[in-house]
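Student: Could you take me through how to read a few local features, one at a time, with the general idea before the case?
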There are 2 protein chains.
Amino acid sequence: MVRRAVVIPTLVRMSTVPRSTAFLTDHYELTMLRAALRSGAAGRRAVFEVFTRSLPAGRRYGVVAGTGRLLAAIEDFRFGAAEIEHLTAYGVVDADTADWLASYRFRGDITGFAEGEPFLPDTPVLVVEGTFAECVLLETLVLSVLNHDSAIAAAGARMIAAAGERPCLEMGGRRTHEQAAVAAARAAYIVGFAATSNLEAARDYGVPSVGTSAHAFTLAHDSEAEAFAAQVAALGADTTLLVDTYDVHAGIANAVAAAGAGELGAIRLDSGDPVTVARAARAQLDELGAAATRIVVTGDLDEHAIARLAAAPVDSYGVGTRLVTGAGAPTAGFVYKLVEVDGHPVAKASIGKATRGGRKDVLRRLGPDGTAVADLVMSRPLADGSAPSPASVPSPVPAARGADRSLLVPLVRSGELVDGALVGAAGVARARAHHRSALESLPAGARDVAFGRPCLPVVFAGEGMRTSA
Amino acid sequence: MVRRAVVIPTLVRMSTVPRSTAFLTDHYELTMLRAALRSGAAGRRAVFEVFTRSLPAGRRYGVVAGTGRLLAAIEDFRFGAAEIEHLTAYGVVDADTADWLASYRFRGDITGFAEGEPFLPDTPVLVVEGTFAECVLLETLVLSVLNHDSAIAAAGARMIAAAGERPCLEMGGRRTHEQAAVAAARAAYIVGFAATSNLEAARDYGVPSVGTSAHAFTLAHDSEAEAFAAQVAALGADTTLLVDTYDVHAGIANAVAAAGAGELGAIRLDSGDPVTVARAARAQLDELGAAATRIVVTGDLDEHAIARLAAAPVDSYGVGTRLVTGAGAPTAGFVYKLVEVDGHPVAKASIGKATRGGRKDVLRRLGPDGTAVADLVMSRPLADGSAPSPASVPSPVPAARGADRSLLVPLVRSGELVDGALVGAAGVARARAHHRSALESLPAGARDVAFGRPCLPVVFAGEGMRTSA
């Protein structure tokens, strides 16, 4: 039935010419490089950490996402002739800087939370180490990818929690930038969405894609009955028929007539109060003998709307706008901060935006039943051995009974990916599995849809208990 | 001083392989195509309109943006071998559909609001005409581009209004998807931002790029004084020094010392209460003889924060997160609806989501002083001449005294751009000029930063006065 198409267009024009990712960054990365090459700071050993100062109000945890996309983008962060020509022509860089850029590639180390990992504020989720010059150039790219993808993942995780066992389908591509749409579908899949409408996400990341028809399809035919017959003829009776173009009651009758009561796969409801409409639809389907026909609800759903539908006869949820816009929090709030230079902690002291110097480790401490009780942030021992060791973590954090889980794992060593399966479809599959597994150790309230406090305290070695807010 | 770099990397790996834009769409576009090819609906003449049902709460107007990007993406919306192979391998399309796709390109007509045009709800801002099949395929791409870019433009326009004569700089790339960042910088420039931090936007769209340094640059040196000296040595005394890494007062003293009181271009303030900090900074700079040194404020600014700074001694604003996330409205709410099939109006009747059938024209009616008084939406005369003409527009809309301005202009004819200058940097320059000019005819309150009602009523011929809400 599936046969390869034999007619290939002779001319396929492409809008996206081959390009480095190096211009997906801010002008100031290049001027800093220029000045640092001149001052000598460029060659200093630097450690940058990525963290958020807080979660969006009411959220219980965040989810790290985008890591695989980021690692691929960093591999391709090179300055080719076109980039260097632009930078020199506009006077952004001088000749020495241009020469340096021409042979640039990141040769440092990156560790980070596994993609899909739940996180709390103030804990470093990515650590980038190398020369100041090679690390500072990555700031914008790192933040763009992680801020976007993690925002979608965190919102999506709440929708999945609200949906329970019912599948959620990502359908929001049309409500966000066309490339952000691909990343959003990817992030949603990592946190448990069953499928996406987005074809590029299917091709690039192995996310299952789904879709049947829109209202326009029905309107393009002389009647709803004709449209449904056409869809069933092309896609089979197990398709999903959109029944609310005109009148839902008549639409359901037409759908069952077109596909057969025992055959119709599903109906989709996209308007009206979903609880009311779904109940009426279920009753009508059952009455028509279409008890096996499923009900898909779409239209401005978010985690709260999904939670309200828990007792309604709905089989799956299509989520769009609210997912791809982060359900009110469209960016994750990550910052990229220099914390160590040549082995010495550094930190800015800006009012309200102070940072903690020194490279850190993060452990998730598990209680006796395997449930996490805190995330512990510890300074790495410095050259003089002065930093506190894990043993000095103060009460009231329970001592470790099982193994604490170290959350920062190696991603890049000397500029090379530690594992090719971190990127592409393999990386997505791994992140999805990791997310599911990591959620199991969070406290019971973590997946509550109601807004509340972060689900775990973050404890800084030497500072005593501190609950992130 | 500027010399071309001669060292070109021998291997520049690219993450973005040449690609069609055809997969930046939803699965269901393809299944609809498949079913419509089989039913015959594929060949019907279709008219799709893009409009919003409402503006974000409190907004006075929207701004159409993304048109140039969209037109370029539509030119490249072709199904090559890789796309067709995926679609057939996954059973999304059958062999007949694959054959049809192989020779597909859009050959219809597109009219729309000029890029940069202010718009009100319920007025079509883009009209796509052709066969049902060729038009329905573009739905997702059209909406993704316009929903994203117009959301940023509308938010940015409010910031520009709040800033008055002071320049606004776009610096939000790190808070949004790395490609959305480029589009956001482009949209911000169209509505009047002076420059961006984003290098790709500079290269692709001719947006001026700016930037100097981050806190990390200061931290990478042994002292702030050394960092400032390094920056001045590399970038000149007319640079912008970031003075709040440690203590703002000491920072300003160091900055003036490094660059010279009569030479220092600007200081940047990124933390603390900006009104208080800017006043103290201005007083200190003046006292140190740096009266010509400008003050740039950054850090979580939006239109309200900018308005509160109107009386503070600030010279320019750097705007990030709130701009690229649409200042609370990250998507513009555009939908793409089939309104006419083979010359007959069609409309869905879904609860709360009904549409108006029939292809429409939109006129901006200007009052005697050249200020707009309403947007008029008129059905185009159909074959039987039954649609109302502009003359039938009811009171209380004043009759036209000057020329009504027709807002829908030709963009694509028979699949070809009507003007190559609609895309790329030329399109951006034109949109920026058009936006500035079009704003002048809006009512005085349109640019108020305070939330309020849409600034113009939308009047439907034959329906009497109606104020959009």
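Student: How exposed is B:Asp342, buried, partly exposed or exposed?

Tutor: Buried means under 20% relative accessible area, exposed over 50%, and partly exposed in between (1.4 Å probe, protein chains only). B:Asp342 is partly exposed, because its relative accessible area is 39%. The residue lies in the loop between strand S12 (334–341) and strand S13 (344–345) of chain B, strands being DSSP runs of E of at least two residues and helices runs of H or I of at least four, numbered from the N terminus. Although B:Asp342 is not a glycine, its phi is positive, about 50°.

This is a predicted model, in which local features need pLDDT of at least 70 and side-chain atom pairs count only at pLDDT 80 or more, whereas totals for chains, interfaces and linings use all residues. Residues are numbered from 1 along each chain as its sequence is written, chains are lettered from A and ligands numbered from 1 in the order in which they are written, and side-chain values use heavy atoms, leaving out hydrogens and water.

Student: What is the phi of B:Asp122, and where is that residue found?

Tutor: Phi of B:Asp122 is near 70°, again a positive value in a residue other than glycine, and the residue sits in the loop between strand S4 (118–119) and strand S5 (126–131) of chain B. B:Asp122 counts as buried because its relative accessibility is 14%.

Student: Which residues of H12(A) are buried, and what covers them?

Tutor: In H12(A), the buried residues include A:Val275, A:Ala278, A:Ala281 and A:Leu285. Their cover includes helix H11 (248–259) and strand S9 (266–269) of chain A, with contact meaning heavy atoms within 4.5 Å.
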